[in-house]
Amino acid sequence: MKWLSGLPIRLVNRAYSPSNENMKKIAIIGSTGSIGRQALEVIGAHRDKLKVVALAAGKNSLDELAQQINVFAPDIVSVPNGQAAGDLRALLNNTKIKLDILVGEEGLEAVATHSESNLLLTAIVGFAGVKPTLAAIKKGKTIALANKETLVAAGSIIMSLVKEKGTKIIPVDSEHSAIHQCLSGYAISDIRHLWLTGSGGPFRTWNQKQIDNATVKDALQHPNWSMGKKITVDSATLMNKGLEIIEARWLFDFDPRKIKVVIQPQQILHSAVEFCDGSIIGQFGLPDMKLPIHYALFYPHRAEFADGPRLNLCELNSLTFETPDYDRFPCLKIAQEVAKEDSTAACVLNSANEIIVEAFLQERIRFKDIPVSLMRVLDKHNRVASPDLEDILEADLWARDEAAAILKAMV
Ligand SMILES: NC(=O)c1ccc[n+]([C@@H]2O[C@H](COP(=O)([O-])OP(=O)(O)OC[C@H]3O[C@@H](n4cnc5c(N)ncnc54)[C@H](OP(=O)(O)O)[C@@H]3O)[C@@H](O)[C@H]2O)c1
């Protein structure tokens, strides 16, 4: 493990020092992102029950990471490289806090597997979540999983390890959190369909021509949620819903052909379970990620959330439902087809999508190029069935290279 420099490991001052032995001790990877920040808000409101022991973030928000360290006093912190570690240390120099800062993949895994933690929140974005999540499961940690890309890319590997180690994944994605709550007490064999709801994204009412000409600014205007840029673009293409089908397939060990998508523009019904007797149980709430985060952090208990978002049913004017339009949103269809496979195709879909979305965000391609380039990568991929980790890692690298080559030829 790489440790940067000789400062003492322990903090010299602690913003708070809870003494309760039963306290849940939490490590977070991706603490400076949309989910990470909201999780820290929830933890901050429950300092008598929840404690942060380790944090990891990227290099884009070191000021914010320094503030989080000041407030939550984790035991260890990880950033991607030595430069970021040096910058972070400089930011902490004016405070009394002294801690060693870990770097790189090894640092990320050290945070994910911190010996004091009993819960890892994976709030990192993309395939980068696979290795630390696997490392944490190997150590028997419970995972509060926001990082859906990990299950999309390596679902069968992750879930068989979860079974082997007797640990749990508690979903943070609002749709999967809803299904997790609706399923409580029922056998999977009692279920006819899982209904994933989606807002429809910013282009729900746009015609094909408007969608084809959508700009980055347009795609980042999500009607209901304020999220990181990658997932916001995925919500505009409806790829996010497709990735969620694959996530649900593995998480609930459920036949992907029986996972349905329905557009629910108000985002009040967060998903539902249809049982074999025809009953449908759904979970309702305001569109606020703090709710599923709160559920995951406290699971299997329910905790009072005094200042949390509250839905007043009397104030609901209407709830509407629509069938998704696969012609205007081909990414959903592409992912739905891939969801039926247990192969490297899902990893390739995910990794190629990461590269293609980044190219769109950098304005190197148009919105309408996203599904076209994705299909080109998938068409060239030689699938490996029931992949092991080595197959997944290889497919990830192949997909990134192939997507980059296809994009280069397009522009
Ligand atoms: N946001 C939502 O409402 C929402 C809802 C459901 C599911 N999710 C899922 O939750 C995950 C996070 O989404 P988000 O919207 O919170 O993303 P985000 O705002 O982009 O935040 C991503 C976080 O990961 C960090 N990060 C990125 N690469 C890293 C690396 N290599 N090592 C360590 N940290 C790294 C980022 O650091 P920097 O600050 O330095 O960039 C940031 O802290 C995604 O998988 C998303 O699909 C999000």
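Leaving out neighbours within four places in sequence, Thr167 is in contact with Ile137, Gly140, Lys141, Thr142 and Val162; contact here means that the C-beta atoms, placed from the backbone, lie within 7 Å. This is a predicted model, so local features need pLDDT of at least 70, side-chain atom pairs count only at pLDDT 80 or more, and totals for chains, interfaces and linings use all residues. Residues are numbered from 1 along each chain as its sequence is written.

Thr167 sits in the loop between H6 and strand E8 (169-171). Helices (H or I, at least four residues) and strands (E, at least two) are DSSP runs, numbered from the N terminus. Thr167 counts as partly exposed because it has 16 C-beta neighbours inside 10 Å. On that scale a residue is buried if 20 or more other C-beta atoms lie within 10 Å of its own, exposed if 12 or fewer, and partly exposed in between, with C-beta atoms placed from the backbone. How far apart are the C-alpha atoms of Thr167 and Lys59? They are separated by 31 Å, and the two residues are 108 apart along the chain.

### Parallel strands

Two strands pair if DSSP finds at least two bridges between them.

| Strand pair | Bridges and sense |
|---|---|
| E2 (residues 24-29) and E3 (residues 50-56) | 6 bridges, parallel |
| E2 and E6 (residues 119-122) | 4 bridges, parallel |
| E6 and E7 (residues 142-145) | 4 bridges, parallel |

Let's start with E6 and E7. Thr142 in E7 is the bridge partner of Leu119. From E6 the chain crosses through helix H5 (residues 130-138) to E7, and this β-α-β crossover is right-handed: with the strands pointing away from the viewer, the path from the first strand over the helix to the second runs clockwise. Which way do the E6 residues point? Leu119 and Leu121 point one way, Leu120 and Thr122 the other way, and all are buried.

Now for E2. Ile26 has Leu119 of E6 as its bridge partner, while Ile29 stands opposite Thr122 in E6. Towards E3, Ala27 stands opposite Ala54. The path from E2 through H1 to E3 is again a β-α-β crossover, and it is right-handed.

H1 puts Ile35, Gly36, Gln38, Ala39, Leu40, Val42 and Ile43 in the buried class. Those buried residues pack against E2, E3, helix H2 (62-72), E6 and helix H12 (290-298).

### Around the ligand

H1 turns up again here. How many residues does H1 give to the shell around the ligand? It gives 3 residues, the largest share. Helix H1 (34-44), H6 and helix H10 (229-237) each supply at least two residues of this shell. There are 30 residues around the ligand, and Gly30, Gly33, Gly58, Met227 and Gly228 come nearest; a residue is near a molecule or strand if its C-beta atom, placed from the backbone, lies within 6 Å of it.

By class, the shell has 14 nonpolar, 11 polar and 5 charged residues. Ala, Val, Leu, Ile, Met, Phe, Trp, Tyr, Cys and Pro count as nonpolar, Asp, Glu, Lys and Arg as charged, and the others, Gly among them, as polar. The shell draws at least three residues from each of domain 1 and domain 2.

### Two domains

Domain 1 covers 3-167 and domain 2 covers 176-287 + 310-410, with bounds from an automatic or database domain assignment. Their C-alpha centres lie 27 Å apart. Where they meet, 16 residues of domain 1 are in contact with 22 residues of domain 2. Helix H6 (residues 148-165) gives the most to the domain 1 side, with 11 residues. That side has 9 nonpolar, 5 polar and 2 charged residues.

A few loop residues deserve a look. Tyr299 and Pro300 are joined by a cis peptide bond with omega of about 10 degrees, and Pro300 is in the loop between H12 and helix H13 (330-339). Ala73 has a positive phi of about 50 degrees although it is not a glycine. Ala73 lies in the loop between H2 and strand E4 (76-79) and counts as partly exposed because it has 18 C-beta neighbours inside 10 Å.

Glu363, also not a glycine, has a positive phi near 60 degrees. Its place is in the loop between helix H14 (345-361) and helix H15 (369-380). Is Glu363 buried or exposed? Glu363 is exposed, because 9 other C-beta atoms lie within 10 Å.

Terms used:
Two residues are in contact if their C-beta atoms, placed from the backbone, lie within 7 Å.
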